[in-house]
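This briefing covers domains, the chain interface, helix packing and backbone details. The sequence and structure come first.

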Amino acid sequence: MFLSWLPENISTYGGEVDSLIWLIYYITLAWFIATVGALLVFVLLFRDRDGWRAAYITGEKLSQVAWILIPTALVLVLDLWIDLRGGDAWAKIKLHVPPKEIQVQVTGKQFNWEILYPGPDDQFGTADDLQIDNELHVPVNKVVAMTLKSKDVIHSLFLPNLRLQQNVIPGREFQAWFQATKTGVFEIPCAELCGFGHSGMIGHLTVHTAEEYSQWVKDQWPSATGAGISP
Amino acid sequence: MTHPPSITPTPVSIVHPAHEARGFWRTYVFTIDHKTIAKQYLFLGICMASVGSYLAYVMRWQLAFPDESIPGFGFVGPETYNALITNHGTIMVFFVAMPILLGAFGNFLIPLMIGARDMAFPRLNMLSFWILAVAALVILTSFFVPAGGASAGWTGYAPLSARAEYTGVHWGINLWLLAHALEFVSFLVGGVNFLTTVITMRAPGMTFFRLPLVIWQLLTASIIFLLSVGPLIAAAVMLLMDRILNTSFFVPEGGGDPLLWEHLFWFFGHPEVYVVLLPGLGAVMEVLAVFSRKPIFGYRWIIYSTIAIGFLSFIVWAHHMFVNGINPRLVMPFSITTILISVPMSLIIFSMILTLWKGSIRLATPMLWALGFMVMFILGGLTGIVLGSAPANIQLHGTYFVVAHFHTVLLSVVIFGGFTGLYFWFPKMFGRMMNESLGKLHFLLTLIFFNLTFFPMHAVGLAGMPRRIANPLQYESLTAVQPLNVYITMSAVGLIVAQLPFLINFFWSIAAGRKAESNPWQAATLEWSAPSPPPHDNWGDTIPTVYRGPYEYSLPDVREDYIPQDRVHPSRSTWKAE
């Protein structure tokens, strides 16, 4: 199946995106078969041959035009269905951000993802902020809120396994969020041409179990006492 | 239903003084004859298509075999790769698609199909071609300046394109912008010429609703272009100023906004794809009617739908920007308008399919290309629906799915639509017939290799391969699709090689093809009443008078299975079945 080429979905809202792609796939497949099928059947049925003359049909009469108006109306109805489903999914992903449990800042800069962690105090702009280039570490099943920025040109933070993509633009800040449902390591390509290093500008998302994440936090901030980021 | 014969008072087209032999330069180089200018556009388009195809070959070879030297080019570094993709896109859109579909088809067909002797402004017409030729030279030159050609994508997003230090390319992008400015002027001037000619120079009896559909499509495309190009011209000037004068229209450090460039670019960029689409669509419509021996189904509905598409094309542009940082609340309105374009477009497709119903279909080469267009355009158009749905777009934006989509639609128009027109009007343009067997071979090979190249690309995009990367092997997640990349590259080479039968056929037939009669396809539109090729003033002493619509095929009470638009009375004897 075509859609099996999609990367593994590990995102809570990824199913919304995927099911929309499936819906559109089936609708468009049906239309393709119907229209191309009709076309091929007509070409086969109505080849020129002796004794056969074409029919003078202009499509001016309503009984004739109905043959295009009715399918067109069906197209409109299916379009609206796709849009309604799309509107719901879009609102869920981009408009209604759930309360965050983990926060990071991701800044694109030719040709790295500079990931800034607030540290155990969960505040940016303090001494325990830590920047790690190209490595995004999060615990599984927690809502991660990202503030996305750029220091130079437009990049695009693309996490295919999370069904997440957002351009980062210098001079602006965007908010994005995700909640990973599975552990593992996943690639973060840059998906907007950003210069000669665009190819190979890759970060890695590591989704840890709760215990692994606590361990990772202890490794990064060894002097922190117990309080702060909850696993 | 034929319209009652009537002569509408229209201004008689200006009769140019008889042209004496003007010598080589005035006849073939600085010509003001629309037919020769059309051929100049055609040859420019064919030459630039070779350049654009070569760039595509180098790109694809690099993608398939990233660490190797490309045969016929050498090693491709990342900077070079970015210049390849940028110029491939720019050249194919502005120096191949538009010159062939608008410059060649528009210039050749408009006067002949409306019954005029030439365009409204013949000298301006010559100027518009030569400005485009200079623009082509400028962009070719940009490859050879220090630091090479433009490398910020054909979309030229700022600030990557606004400051030379971000790309390392200085003159390359400046020349790229200059080439754009020149070609905008060329097509603006051409568009004014097209509009004025169609509006004021139609032959007596040629009312708007007796115009062939390809003329309506060219008319709409010209209006779309004229209305949409202004913002991009302004943006190009601003970008050039950012680069040369260190202004900050698109640079945030100086108070500018990169998103402004995107809006200005796509406000033009989206209508532009319809500017390219409509003439190709029109050519296919003409051929469907002629080779089905039937009127195009729903003539007026097609015109209204075309106008609706023209209008809608102006309010969808931000579907290129769903994840680019526009206000998320703006996204759904654009998603809705985008999907709505499928309504008039599907009406047109249904009409074209119904034209075949109860036709008497002759599968000559032009008809094969027209049918091929239908299938490929339906496919490409349908994949656009996925991209137009904003949540689905999140996953597919910036991936090879987009590349697969736009190549399928664009190439169905430029290649299938373009060859439909070229094979169909070749006898009129050059006074000779092309070779049918070579034509059919060209069609079959192109259809096969086109699909082998671009169909798998959808899978590559679904798998998450980003656009504009020079080396897929850098990405672990792409190891599974690398075999597909190799396979696509080989098919792309096949697609390029498949054009050889056409080149051989085209040039050989110009020189030594069988001489063509004036109406080898028994078509009803006006251009077929002129000799093949038409003389300098198209019509001899008298321009034709038009008595009926353009698709009077197979009338039940008429012996011949077509009535030319300028024939006064159809033959009266009734056709009898054998």
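How many residues does helix H7 of chain B have, and how far does the helix reach from its first C-alpha to its last? Helix H7 (residues 213-244) of chain B has 32 residues and reaches 45 Å, close to the 46 Å expected at 1.5 Å a residue; the expected span is 1.5 Å times one less than the number of residues. This is a predicted model, in which local features need pLDDT of at least 70, side-chain atom pairs count only at pLDDT 80 or more, and totals for chains, interfaces and linings use all residues. Residues are numbered from 1 along each chain as its sequence is written, and chains are lettered from A and ligands numbered from 1 in the order in which they are written. Helices (H or I, at least four residues) and strands (E, at least two) are DSSP runs, numbered from the N terminus.

- Just after H7(B) comes B:Asn246, a residue other than glycine with a positive phi near 60°.
- B:Asn246 belongs to the loop between H7 and helix H8 (258-292) of chain B.

**Domains of chain A**

- Chain A is assigned domain 1 (8-95) and domain 2 (102-220), with bounds from an automatic or database domain assignment.
- The centres of the two domains, taken over C-alpha atoms, are 39 Å apart.
- Eight residues from domain 1 of chain A and 10 residues from domain 2 of chain A form the contact, where contact requires C-beta atoms, placed from the backbone, within 7 Å.
- On the domain 1 side, the touching residues are three nonpolar, four polar and one charged. Nonpolar covers Ala, Val, Leu, Ile, Met, Phe, Trp, Tyr, Cys and Pro, charged covers Asp, Glu, Lys and Arg, and the others, Gly among them, are polar.

**Interface of chains A and B**

- Chain B contributes 88 residues, in contact with 79 residues of chain A.
- Helix H11 (residues 342-356) of chain B supplies the largest share of the chain B side, 10 residues.
- That side has 54 nonpolar, 24 polar and 10 charged residues.

**Helix packing in chain A**

- Helix H1 (residues 14-45) and helix H2 (residues 62-95) of chain A have axes that come within 10 Å and cross at roughly 170°.
- H1(A) is therefore roughly antiparallel to H2(A), a term for angles over 145 degrees.
- Residues making the contact include A:Leu20 and A:Ile24 of H1(A) and A:Ile82 and A:Ala89 of H2(A).
- The contact has nine nonpolar, one polar and three charged residues.
- Axes are lines fitted to C-alpha atoms, for helices over the stretch in contact, with angles from 0 to 180 degrees between N-to-C directions.

**Cis peptide bonds in chain B**

- The bond from B:Ala158 to B:Pro159 is cis, with omega near -5°, and B:Pro159 sits in the loop between helix H4 (122-141) and helix H5 (164-167).
- B:Ser532 and B:Pro533 are joined by a cis peptide bond with omega about -5°; B:Pro533 is in the segment after helix H17 (500-512).

Definitions and conventions: Contact = placed C-beta atoms within 7 Å. Parallel < 35°, antiparallel > 145°, perpendicular 65-115°, else oblique.
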